[in-house]
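Colleague: I have some questions about the wording used for this model. Can we go through the helices together?

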Amino acid sequence: MGRPVHVGPTGSGQLSKLANQAIVAVTIAAVAEAMLLVQKGGADPAAVRAALKGGFADSTILQQHGERMTEGNFEPGGLSKFQLKDLDNLLNESSQLGLTLPVAEMTRDRFADFCENMGGADQDHSGLYLELLKRNGLSA
């Protein structure tokens with residue numbers, strides 16, 4: 001459940017949730033690209049994750065989802081359709097604030113492709129890796 005933290009006036013909690021979802025989604029996309037790069041380049045993804053552990057690039061997403069991606073384990077944890085919904089909410093709110101969030105927009109479009117065109121809606125959000133494989137003409 002986390003710890004209670006006052007983040008501002010009414011509505012700020014929702015903004016915090018949207019900020020969390022932006023970070024999670026964009027980081028999943030970055031980890032997918034990094035894992036594909038190391039795999040196709042011939043490096044051992046597990047060894048790369050171990051080498052990055054504790055550095056600035058380290059994260060729970062790198063360690064947990066990076067492993068899921070390279071092992072092909074997309075059993076649901078956080079469903080992709082909910083990640084897409086959260087990104088839609090983020091972009092709706094940012095639009096109402098007069099903001100453009102290009103990285104979130106691009107990530108949202110990738111999740112939409114994965115959910116709507118690849119049947120990935122009920123797979124874990126780390127399944128965005130599969131969308132990246134398709135984009136590069138590769139298979140899992």
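Modeller: Just after H6, Gly 137 takes a positive phi of about 70 degrees. Bear in mind that this is a predicted model, where local features need pLDDT of at least 70, side-chain atom pairs count only at pLDDT 80 or more, and totals for chains, interfaces and linings use all residues. Residues are numbered from 1 along each chain as its sequence is written, and side-chain values use heavy atoms, with hydrogens and water left out.

Colleague: What makes H6 a helix with a number?
Modeller: Helices are DSSP runs (H or I, at least four residues), numbered from the N terminus. H6 covers 128–135.

Colleague: Why is H6 called largely enclosed?
Modeller: Because 6 of the 8 residues of H6 are buried, where buried means under 20% relative accessible area with a 1.4 Å probe, protein chains only. Those residues are Leu 128, Tyr 129, Leu 130, Glu 131, Leu 132 and Leu 133. They pack against H1, H3 and H5, a contact being heavy atoms within 4.5 Å.

Colleague: Why is H1 called oblique to H3?
Modeller: The axes of H1 and H3 (residues 60–71) come within 9 Å and cross at roughly 55 degrees. That makes H1 oblique to H3, because angles under 35 degrees count as roughly parallel, over 145 as roughly antiparallel, 65 to 115 as roughly perpendicular and the rest as oblique. The axes are lines fitted to C-alpha atoms, for helices over the stretch in contact, and angles run from 0 to 180 degrees between N-to-C directions.

Colleague: What kinds of residues make up the contact of H1 with H3?
Modeller: They divide into 8 nonpolar, 5 polar and no charged. Ala, Val, Leu, Ile, Met, Phe, Trp, Tyr, Cys and Pro count as nonpolar, Asp, Glu, Lys and Arg as charged, and the others, Gly among them, as polar. On the H1 side they include Val 24 and Ile 28, and on the H3 side His 65 and Gly 66.

Colleague: And what about H1 and H2, at what angle do they pack?
Modeller: About 125 degrees, with the axes 9 Å apart. That makes H1 oblique to H2 as well. Met 35, Val 38 and Gln 39 of H1 meet Pro 45, Val 48 and Arg 49 of H2, a set of 4 nonpolar, 1 polar and 1 charged.

Colleague: How do you know that the span of H5 is close to the expected one?
Modeller: H5 (residues 102–117) has 16 residues and reaches 22 Å from its first C-alpha to its last, against an expected 22 Å. The expected span is 1.5 Å times one less than the number of residues. Gly 119 follows H5, with a positive phi near 70 degrees.

Key:
Helix = DSSP H or I, 4+ residues; strand = E, 2+ residues; numbered from the N terminus. Buried < 20%, exposed > 50% of the residue type's maximum accessible area, 1.4 Å probe, protein only.
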